[in-house]
Amino acid sequence: MSEVGAVLPRSAISWLVVEGRPWPVWHAVDGSRLYVVSGPDEQHLPVLPAQIEVILRTKDTRARVGPVPASAFRLRPGVPAWEPAITALMGARQGAPGQQVLDRWKASCAVWAIDVDVDAPVPQPGANEPSGARPPEQTPATTDRWRPRHFGRLRRRH
């Protein structure tokens, strides 16, 4: 099984790369397909083009997997793929979704099916960086050694 195929069913969050910008999303998984809902009172997404990239995160190490190619298409109520998508999304959504949520999805949200190419080669981290790239220099704002002087005194009192 490919790395993408192994990570996909265990990933609860992904990033959809649209026109070079990653959009974090929660999703439901069905095989190699992701279902995503966006719109009012849901996550914000632009209209997805037919071809996008997906970045996954492993649950155990939180390592990034991807970007990998994917194809996206919008599902509408009444098409055969609508019911499996809604069932998967209702199961993956946190909280207790009810009929009101389903009615809102039908009326004013976009439900997307995203077919991930699980057999695509996965770029290694840093593969897209120009040669000679260096990490940013450490400053007090980027290291964990920086602390206000009074932080320790305040903490000991409580």
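Select R21 and W23 to begin. In this predicted model, the charged end of R21 lies over the ring of W23, at 3.6 Å from the ring's centre. Pairs between aromatic rings are another matter: a search of the whole structure finds zero of them.

Next, select helix α2, which spans residues 82-92. Which of its residues are buried? They are W82, A85, I86, L89 and M90. Display their side chains and look along the helix axis. Because these residues cover an arc of only 125° around the axis, they lie on the same side of α2. Now turn to the face directed away from that buried side, where the exposed residues T87 and G91 are found.

What covers the buried residues of α2? Colour the following elements, which are included in that cover: the strands β2 (21-26), β3 (28-30), β4 (33-38), β6 (64-75) and β7 (110-116), together with helix α3 (99-108).

Proceed to the largest nonpolar core, a group of 23 residues. Select L16, I52, V54, I114 and V116, the members with the most contacts inside this core. At least two core residues come from each of α1 (3-7), β1 (13-18), β2, β4, β5 (51-57), β6 and β7.

Apart from neighbours within four places in sequence, V54 is in contact with S14, W15, L16, L34, V65, G66, P67, V68, A70, I114 and V116.

Finally, select A28, V37, I86 and A113. These belong to a second, separate core of 15 residues.

Definitions and conventions: Residues numbered from 1 in each chain as written. Predicted model: local features only at pLDDT ≥ 70, side-chain atom pairs only at ≥ 80, totals over all residues. Heavy atoms only, no water. Phe/Tyr/Trp six-rings, centres within 6.5 Å; stacked < 30°, edge-to-face > 60°. Lys NZ or Arg CZ within 6 Å of the ring centre and 35° of its normal. Buried < 20%, exposed > 50% of the residue type's maximum accessible area, 1.4 Å probe, protein only. Helix = DSSP H or I, 4+ residues; strand = E, 2+ residues; numbered from the N terminus. Arc of directions from axis to C-beta. Contact = heavy atoms within 4.5 Å. Core = buried A, V, L, I, M, F, W, Y, C linked by side-chain atoms within 4.5 Å.
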